[in-house]
Amino acid sequence: MTGTKGASAVSSVKFGGHEARPTAASPAVSVPFTVREHLRHLFLDAKFVAISATLEALHLSRAAALAPDRLRGRGVIFTLHHVRPYDPTTFHASAHLEITPEFLDALIVHVRSLGYEPIALGDVPARLAARDDGPRFVAFTLDDGYRDNLVHALPVFERHAVPFTVFATSGFVTRERTVWWQTLEKTVAAVDELFWDTGDHRLRFGCAGRLAKAMTFRRVVDWMNTVDEDWAISTLDRIAGEHGVSATAVVDQEVMNPAELRRLAASPLATIGAHTWSHVNLRRVSHDRLADEIERGSAEIADLLGSRPTVFAYPYGSHASISVREFAAARPFDLAVTTEPGTLSQAHLDRLGALPRISVNGHYQRVEWVSVLMSGLPFRLIPHHPELD
Ligand SMILES: [Zn+2]
C-alpha cells in the first residue's frame, strides 16, 4: 500500500533512510518499499545465482581440484549455525545459517574421502606447528548455542566420532538476552503487516508474502546497524510482543538452556567455546563493555560447566565487528575465530587470535561446492581485509 498524500497530519516521516507516507485507511503511516530496496533484493538473488554458478564452474572445470597446495593450506575450520530438518512452511530470513542433518552427515563422509582428518579446534595450533606431511585437518564449529546442535547435530557427530566446538553466548543460555535476528524472523513470519511505533509515529511495513517479508526483515536489520544495539533489541522485543511474539519464548525455543548445554558438554566429542555474554557487535561498544562482554561470557559458561572456555568466536565475526582492539581483548584465549573466509596455513600460528573459517552456507548445500571452498581458490576472488592479519 502506498497511501494517499495528505490523508493525515503527517506528510512524511523517516525510518532509517525510508520515507513514510500516511494512508487514509489507518492512523498508521505506511512505509512503501523503495525502488532501491527492490533492486537490492534482485541483486541478492542474482548474487546467489552467480555464486552458485561460480562454485559449479570451479567444480566442473576441475580448477579447484587442481588448485595449488599452498591455497589449500594445512586444513580448514567450518562454521555452522543451525542443524535441523528444513521446514518449507515458514519464512526463513536466515536460511544461509541452517543446514540439514543429512547434509552434515554427507559433508563428514565427503571431507574424510578427500583425506581430511576431523580434529578438535583446540588441536589446530599443534597441527599447524607440526612439520610433517600428515593428513590435512578439518575442525567443525557451531555458533550461538542452538538447541538443534544437541538434538540434530550431536547424533551425527557421534555416529562419525567427529569432534566439534559449540560457541555459546552465555546470555542466550541464561535467557537474560534475546536473539534479535530470531525474534525478527519469527515476527515477520507471523504477520502480514508490521506496525512499528517510533514514539512520534506508528509506521506500517508490508509483510504479506515472502518478498515483502524478506525486504522488511532487511529494512529492520539495516536500522539496527545504525542505532545502539541494546536499545534496538529492547525496541524490537517490545514490537514483537505487540504482534504476539514473545522474544523470551523465541530464545527459549531456539537456544539450549543450562541443562541442555551441560548434556552437550558431557559428550567427549564436544568443546564449549565462548561467544561473549550478549552477542553485541564488539567493535561498536566501549572498552569497558568489550572487556565485560568477554569476561562475563566466559565466567558464566564456567559457572554452568565447571571450567572456563579456552577458545572464542567473535560475534558476527567479520571485519565490521572486529579490529585490533578486539583481538587484544581476546588474548586470554588459546585461539579465536572470525567469520572471514579462508584456509589455514602455518602462517596462522602468528594470528591465532583471528583464524579464518569457511561457512557451510545453507544456500549452497552441495558437498562438491564445499570442496571448491576448501581448495582456497574462491578466496582469491574475495576482497581482503588487512586489519585481520
Ligand atoms: Zn554468533
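1. Domains. The protein divides into domain 1 (13-32 + 180-249) and domain 2 (73-176 + 255-388). These bounds come from an automatic or database domain assignment. The C-alpha centres of domain 1 and domain 2 lie 30 Å apart. Their contact takes 10 residues from domain 1 and 8 residues from domain 2. Two residues are in contact if their C-beta atoms, placed from the backbone, lie within 7 Å.

2. The domain 1 side. Helix H7 (180-190) and helix H8 (210-224) each supply at least two residues of the side of domain 1 that touches domain 2. The residues of that side divide into 5 nonpolar, 1 polar and 4 charged. Here Ala, Val, Leu, Ile, Met, Phe, Trp, Tyr, Cys and Pro count as nonpolar, Asp, Glu, Lys and Arg as charged, and the others, Gly among them, as polar. Helices (H or I, at least four residues) and strands (E, at least two) are DSSP runs, numbered from the N terminus.

3. Model and confidence. This is a predicted model: local features need pLDDT of at least 70, side-chain atom pairs count only at pLDDT 80 or more, and totals for chains, interfaces and linings use all residues. Residues are numbered from 1 along each chain as its sequence is written. The protein averages a pLDDT of 90, and 91% of the residues score at least 70. Over residues 1-12 the pLDDT is below 50, and this stretch has 25 contacts in the model beyond near neighbours in sequence. pLDDT is the predictor's confidence in each residue, from 0 to 100.

4. Core. The largest nonpolar core has 90 residues. Ile77, Phe78, Leu104, Val166 and Ala336 have the most contacts inside it. Domain 1 and domain 2 both give residues to this core, so it lies between them. A nonpolar core is a set of buried Ala, Val, Leu, Ile, Met, Phe, Trp, Tyr and Cys residues joined through C-beta atoms within 7 Å. A residue is buried if 20 or more other C-beta atoms lie within 10 Å of its own, exposed if 12 or fewer, and partly exposed in between; C-beta atoms are placed from the backbone.

5. Ile77 and Leu344. Leaving aside neighbours within four places in sequence, Ile77 contacts residues including Leu121, Val124, Ala139, Leu344 and Leu355. Leu344 sits in the loop between S14 and S15. It counts as buried, with 26 C-beta neighbours inside 10 Å. Beyond four places in sequence, Leu344 touches Gly73, Arg74, Gly75, Val76, Ile77, Val124, Leu128 and Leu355.

6. Strand S15. Strand S15 (residues 355-359) is mostly covered, with 4 of its 5 residues buried. Strand S4 (residues 75-80) pairs with S15 in the parallel sense over 2 bridges, and Thr79 stands opposite Ser359. Strand S14 (residues 335-341) also pairs with S15 in the parallel sense over 2 bridges. There, Pro341 has Arg357 as its bridge partner. Two strands pair if DSSP finds at least two bridges between them.

7. Strand S12. In strand S12 (residues 270-274), 4 of the 5 residues are buried, so the strand is largely enclosed by the rest of the structure. Strand S9 (residues 164-168) runs parallel to S12, joined by 5 bridges. Phe164 has Ala270 as its bridge partner in S12.

8. Arg70. Is Arg70 buried or exposed? Arg70 is exposed, with 9 other C-beta atoms within 10 Å. Arg70 lies in helix H2 (residues 69-72). The C-alpha atoms of Arg70 and Ser375 are separated by 9.2 Å, although the two residues are 305 residues apart along the chain.
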